[in-house]
Amino acid sequence: MKVATPMTKQSSFNMSTKQKLDRLASKQTEWRELGLDRKLDHLEQMLHNLKTSSDELKGLGRQAASTCMGYSLSTAEGECEASMQYLVFAVFVMQHLVHLIASYKVILKRDKAPKELVASKKSNGQVAVKVFPILPGEKTGPNSKGVAELYLDPTHVKSIDDVQLFALDAFQTDASKEGVMIVLGAGNQGMLTVADALQGLFVSNRVVLVKHHPLREYQDEMIRKVFEPLISEGYMECEMDNDFDKSSLYFGPNLVAGVHVTGGKATHDAIVWGPDKESRVAKNDPLLKCPMTSELGCVTPWIMTPFEYTASEMEAQVLALFTGVSSNASCNCNAPKVVLVSEEWKQLPQFLEQLTEYLNKRTVPAAYYPGATQRWEQFRKQYSDAKQLGHGVNAKERMVSSPTLPWLLINIDLKLDSEQGWADAKQEYALLHEPFAPVLTIATVSGPSNKFLKHVTKLCNNSMFGNLSASMSVPENMKADSRVEECISELRYGSVCLNTWSATGYTTLGGIWGAYPGETLDKVESGIGQIHNFWLIPHAQKCVVRMPCVSSANDIFKKEDFVKNTIMFRSIGDFLLNPGVGTFVRFLAAQVDVSKRVLYGGGAVAIAVGVGLVRKIGLF
């Protein structure tokens, strides 16, 4: 048996991009043939490395908030952002590792396949498989009352008997080829780079070179620590943006087997086609000769069905929408960008009043992502009557080094009851351009409300940029309505989420994340390929997530309290990384401190609150 030659951290730092690719490519056959039991050992060691890195992860969160996003750590706002970044990175990376470990154990017959993975036929005849909740923590977390299903491509899966589970081989069809997968890391969320690398290694069975986004180079040390078992044996490497030789993307298939990017359409097209896209497309001659997979952007729709909502349902859905819009300065590929409402919806004034109140009362975000200010300005020029909402616009007073932009709230009318209205919609700027900035458009659709869902389904599928994810609000007593089910079935998006921000589709790791299948290199919008699907179900078309109309998942965002949320995020992260008596007691103590309650009566209330929150956060 050939013993792997360790690659030391220092020696890899001294290598050029070409040298790293040569070394990695020489390891592809070894990685491909490495037993699943050894790969499982690596995953478990990586999980251990993550869970024993609480202090380093907190440091990473502080770097994200300060170095990347521009917040001062001497302010409560900066400390809150740092604790949020710590929690998000730690939890999502842990989720990915836990799901991969669970799947590998089933394949190795160390565990039985979860009995909850049940296939059924939907009302449109399509086969779907329940993929959430499956793991124990999913059954007790904040979304435990929801359900997620993978809808399978009917051209391949015609009956329940055609469904395959844990079909790892189906996802490794090109692993026999030589060469490296280059992962071009995302800039807007740190954990995305880790997720993409894990997908390449443990699903696609490919050695990986990670190129860090220039905003996220501070992650290098933490990623190296988590992936140390793989880096030390030469199966993975990392490269800083300034050190990366961009010409390496075109070294040829023996060295570069594929490229994956999480970013935007412009970046994708520049890599695939180069500066002369038009002529290369005409000749079907892409500059990049290896396969390219991608997770790109989308003008994400949020459909407010024009039914009657109770007061609690309305409050919960407005909060869910605001949470999605406000997260990360709205610089997420799944941030809601266009809210579709019917002009005949009786509760429209109430909805707009509550949404405007949230936007007005909250501190505006640090719009740190490159180009956010320019895109915001372009939307402001296109819609000069747009409202600017929010407070805390003076970045200097807040000690924020990044630009701080007001929420730009745009109102447009879509007359979808006429041919001219449809023609106008196809030219509407807000439907065709993803702002990736603090911008939200309210699109009021004319025509009878009983035709609203048919009209907006057609609009989303044919007149809006992208097909990554979509959300829809539906009152509890209308979820079984045939019009709702028809809309869900017909929406051509990779993730369709009821009563929740479509980021829930991303965190449902048994589901898929990626564009609706069918995009091509020359006309790409939201991307090509999918990630996640850790139950390894072939022919996935889209993931449908159904959540209750009223949920506690977003309750922590009801009020802006930087100090309280800082303590909350840190204590949750500490407990999830190292569940035990000590971290649980500290979690409860944090609740007592936050609530400014004393022992006995107040302490009992704090303990009850703490126990409830820990149960709500149970992800594993």
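In this predicted model, F166 lies in the loop that connects β3 with β4 (180-184). Its phi is near 55 degrees, a positive value in a residue other than glycine. Most residues other than glycine have a negative phi, and most peptide bonds are trans. F166 is buried, with a relative accessible area of 13%.

**Backbone geometry**

The loop between β3 and β4 also holds V163. Leaving aside residues up to four places away in sequence, V163 touches A119, V127, V129, L152 and V157. V163 and S120 are separated by 43 residues in sequence, and their C-alpha atoms are 10.0 Å apart.

N533 is placed in the loop between β17 (531-532) and β18 (540-546). At 3% relative accessibility, N533 counts as buried.

A cis peptide bond runs from F132 to P133, with omega near -5 degrees. P133 belongs to the loop between β2 (127-132) and β3 (147-152).

Which cysteine sulfur is nearest to that of C298? A disulfide is a covalent bond between the sulfur atoms of two cysteines. With the cut-off for such a pair set at 2.5 Å, the count comes to zero disulfides. For C298, the nearest cysteine sulfur is that of C333, 8.4 Å away, and C298 is in no disulfide. C298 is buried, with a relative accessible area of 0%. The sulfur of C487 is 7.3 Å from the closest cysteine sulfur, in C460, which is too far for a bond. C487 counts as buried as well, at 2% relative accessibility.

**Buried residues**

| Residue | Relative accessible area |
|---|---|
| C298 | 0% |
| C487 | 2% |
| N533 | 3% |
| I572 | 7% |
| F166 | 13% |

I572 is found in helix α21, which spans residues 562-577. I572 and T300 are 272 residues apart in sequence, and their C-alpha atoms are 30 Å apart in space.

**The chain as a whole**

The protein chain contains 23 helices and 18 strands. Of its 620 residues, 59% are buried. Is the overall form of the chain that of a compact globule, or an extended one? A compact globule of 620 residues would have a radius of gyration near 25 Å, and the protein chain has 24 Å, so the two values agree. Along the principal axes, the C-alpha atoms fill a box of roughly 70 × 70 × 55 Å.

Technical notes. Residues numbered from 1 in each chain as written. Predicted model: local features only at pLDDT ≥ 70, side-chain atom pairs only at ≥ 80, totals over all residues. Heavy atoms only, no water. Buried < 20%, exposed > 50% of the residue type's maximum accessible area, 1.4 Å probe, protein only. Helix = DSSP H or I, 4+ residues; strand = E, 2+ residues; numbered from the N terminus. Rg over C-alpha atoms; globule rule 2.2 N^0.38 Å. Contact = heavy atoms within 4.5 Å.
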